[in-house]
Structures are given as C-alpha cells and as structure tokens.
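User: I'd like to go through this protein with you, helix by helix. Could you take me through the packing?

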Amino acid sequence: MAVATSIFRNVLDRRHSLPVRHAPGRVRRICPLRPSAPRSKTSSWAEQSVGLQNGHWSHRVGEPASDPLVTRTPHCGHSASDSTCHLLVSSSDLEVKIPTVNGIVSIDGMVVPAGEARVSVFDRGFLYGDSVYEVVRTYDLALFELGLHLARLASSAERIALSLPWTADRFDREVRRVVEASREADAPDPAAAPWNLGECSVRIVVTRGSGELGLDPGLAVEPTVVLIAVPLRGPPLAAYREGVAAWPFGGPGAPRRGGDPAAKTGEHLFHVLAVREARAHGAQEALLLDGAGSVTEGASSNVFAVRGGALETPPLGVGILAGVTRAVVLDIAGRLGIPVRERPLPLAGLESADEAFLTSTVREVLPVVRVGDRPIGPAAPGPVTRRIHAAFREAAGGGHKPGKAPASV
Ligand code: PDD
C-alpha cells in the first residue's frame, strides 16, 4: 500500500538523493508477485530497481527488464551480473500476512483500517524491537490517564535516546482521533467483564524509523508513529470472580532479561517466552524472577501480595516498569488506610501470602489464586483485593451509564 511504498521511497530519496520518478503508465512488470492479476494504465504499479553497485545503492524506476535472469523467477529476481534486485511494488499485490483484526490504525497520522495497515520491512521496530510503546484504554470511550501514559512514553524514549517526533499535544489529539474512528468496531462478547464492553485500547508505538540494515541507530531516518486502536479484550468476568493462576519464570541461573525494565520498549522476547511457559502450564500470566529468586513483576503487569491486611509490592528500584495502574492502586491504598510495604518479594513470600493480585491497564486489579503449583490462601479472591478493585472501578469509572451492566465484580 501507498504508505509502505512511500516510506521506502522516502528513505532512499532522503538518504541517497537519488533520482526517483514514477511512471505508472510506462512500467513493465518484471517481477510478478501475482502473475494473473490484470493491470490497468491507472494502476499504482511502479517498477523500481534497487541494488548495490560499486558499494552504493542504486535506484532506477520504470526501466525495462533487459536481464533475462530477472524475468525467470516468480518473485523478486536478482540479476547475477549487476547484483541489482528488481522490485515491482503495488499496494494491491503485496500479499502481507495480516490477521483479521477489528480496529483502526494510524501510521504517521494517516488513519487506515487495521487490515490495510503496513509499515516498511526496513523499519527498526520490526527488525530490532528498536521502539517504545504504551497501551492506553478507554472507559465510556474516554481515555484513562492518557497524560501519565504519554509522560511514560516520553521517559521511555529518552531512556533509549529516541527523540519523539510529536509533541504530547499531538499524541493526545491523534490518539483521540483513532478512538473516535474505532467506535462501533466491536461485537459484544458475552464473557467480557461489563466495564470492558464497547471499550477500546490503543497501542501507541514509536519506532526509530526505517533505514539501511544495521544496528547503528544513526541509520534511521525518521521515527515512525503507529497507533493501533482495537476493541478492548480484557480478562473475562469469570477471571475476576474466580481468580487466575500465575507461573514463575527465570530465577537463579536462568538467562536474564535484556534492556532497561523501566523503559517500555519493543524488545520483548524474554517476556514472550515467559508467557509461553505460563500458558503451557495453564496460567494466565508469567511472574518474572530476578537472580535472587524474587518476583519483580509480571510479563505485562505489576504484582502485589496481601499479608496481614497490608499490601506488599516490589519497589521500582528492583528493576520494574512504573505501572500506571500500580500508581493508582498505591494511591487508593493510601486513601483506604491500607498499609503498603514496598520491598523485594521472594517467591516463597508470595506463595505464603493471604492474597495476591496483578495490576495493568487492561486487567485493572486481577486476583491471583495460584502461583506455580501452589494455592494462595484459600485459592479464591480475597477481601482486600476485592476492596481495592471496587475502589479502582469507582475511580476509573466506566460502566455507570444507564442501560449498562453493573460496573463491579
Ligand atoms: N503492559 N510491567 C510490565 C512489564 C508491563 O508491560 C506492564 C504493562 C505493566 C503494567 O503497567 P500499566 O499499569 O501502566 O499498564 C507492568 C501493557 C499493558 C502491555 O504490554 O500490554
């Protein structure tokens, strides 16, 4: 599609100042991705030849294929003689594997349906996880704590020396725009918690942008901003009523996670493998253990234990993300007079707690009733967890409109 094509073209244009012309009516199809597709004079076909010659990238447009090798292969053919790769680019012929996702996407401020959203394969977010992100959600389609999320986005970007291309005001405006555009996108889910019905979440992703291949961040031309608004898929109501299982991952002697835990970056493989392990054991979330065997946080959540009526949670200093929901919960605990002890949380300490819960934007306050093979307390959501979640529901709002289901568990 046009966005991906133009990003790629812009990269070549700006970095190499090479002549680029587009002559859709003149082009010859030398690299058919879909050989039987008809082509009209007004189609967006554009033949581009891109290659490394004498150590420099060359870029030719609209030249006929003279090398027979080029026409031989059904996909992109390489000419053996000049190492030139002949590409034929068409928005309709890019057979990108995109899952059927119901949502709206904005790419650098251009809003498109989710199924049509594409970014360049040269984007460093795709190649290296060289990106930062946030996940925000709505209540009654109003964004919850967007300011805090945008502040954390700025902090994450600073921590990886990525300079954000938009001001906070622009992010604010564009996020509201995709939320507005994604209205009515969802079919009601009968198992959903009532406060999630009809709501959406927005993933804000800023990558360092596209450029020539290589780890050097200086190769990036300009950051890419992607906003993905999808119907909110939180835990089902049953998860709040019955609690969920969590599975420990890592610990002494295990490989350590990479990156800066305080920055919300696209580098995720450790977390992906942690969740894979948790799911393999029937658990909903993975608990990340440090080298001393203490629980630091969940793969995408913060962790709390309840003991003797007080909350225990690892301090930011152990290397965790400063969760927005965690901060709201600490504030609620203060208002309710519930003591909080921020200190390292050994796995054994969590296992022997009276109650436990996870916090995150999408989960809110989710009771954990089993860690590994062990039940927590009576293996049912406890009174302190319920009290905190009820207060959170009250603070967050949503689900209070007439005609909507009750907002509490
Ligand atoms: N994850 N810790 C980690 C490692 C996280 O990825 C997240 C959020 C949290 C909770 O932060 P918050 O309360 O601000 O959502 C803690 C998001 C939701 C995600 O990756 O989907």
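Analyst: Happy to. One definition to begin with: a helix axis here is a line fitted to C-alpha atoms over the stretch in contact, and angles run from 0 to 180 degrees between N-to-C directions. Please keep in mind that this is a predicted model.

User: Thanks! How many helices and strands does the protein have, and what share of its residues is buried?

Analyst: The secondary structure comes to 10 helices and 20 strands. Contacts between residues 24 or more positions apart account for 69% of those with a separation of 6 or more. Of the 409 residues in the protein, the buried share is 48%.

User: Let's look at helix 4. Which of its residues are buried, and how wide is the arc they fall within?

Analyst: Helix 4 covers residues 146-159 and reaches 20 Å from its first C-alpha to its last, close to the 20 Å expected. Its buried residues are Leu146, His149, Leu150, Arg152, Leu153, Ser156 and Ala157. Seen down the axis of helix 4, they line one face, because they fall within an arc of 160 degrees.

User: Is helix 4 roughly perpendicular or oblique to helix 5?

Analyst: The two helices pack at an angle of about 125 degrees, with their axes 11 Å apart. Roughly perpendicular covers 65 to 115 degrees. The angle therefore makes helix 4 to helix 5 oblique.

User: Is that crossing left-handed or right-handed, and which residues of helix 5 make the contact?

Analyst: The crossing of helix 4 and helix 5 is right-handed. Helix 4 brings Leu146, Leu150 and Leu153 to the contact, and helix 5 brings Ala168, Phe171, Asp172, Val175 and Arg176.

User: Last one: how is helix 8 oriented to helix 10, and which residues of helix 10 make the contact?

Analyst: Helix 8 and helix 10 (residues 383-396) pack at about 110 degrees, with their axes 10 Å apart. That angle makes helix 8 roughly perpendicular to helix 10. Thr325, Val328, Val329, Ile332 and Leu336 of helix 8 meet these residues of helix 10: Arg387, Ile388, Ala391 and Phe392.

Key: Residues numbered from 1 in each chain as written. Predicted model: local features only at pLDDT ≥ 70, side-chain atom pairs only at ≥ 80, totals over all residues. Heavy atoms only, no water. Helix = DSSP H or I, 4+ residues; strand = E, 2+ residues; numbered from the N terminus. Expected span 1.5 Å × (residues − 1). Buried < 20%, exposed > 50% of the residue type's maximum accessible area, 1.4 Å probe, protein only. Arc of directions from axis to C-beta. Parallel < 35°, antiparallel > 145°, perpendicular 65-115°, else oblique. Left-handed = near helix turned anticlockwise from the far one by under 90°. Contact = heavy atoms within 4.5 Å.
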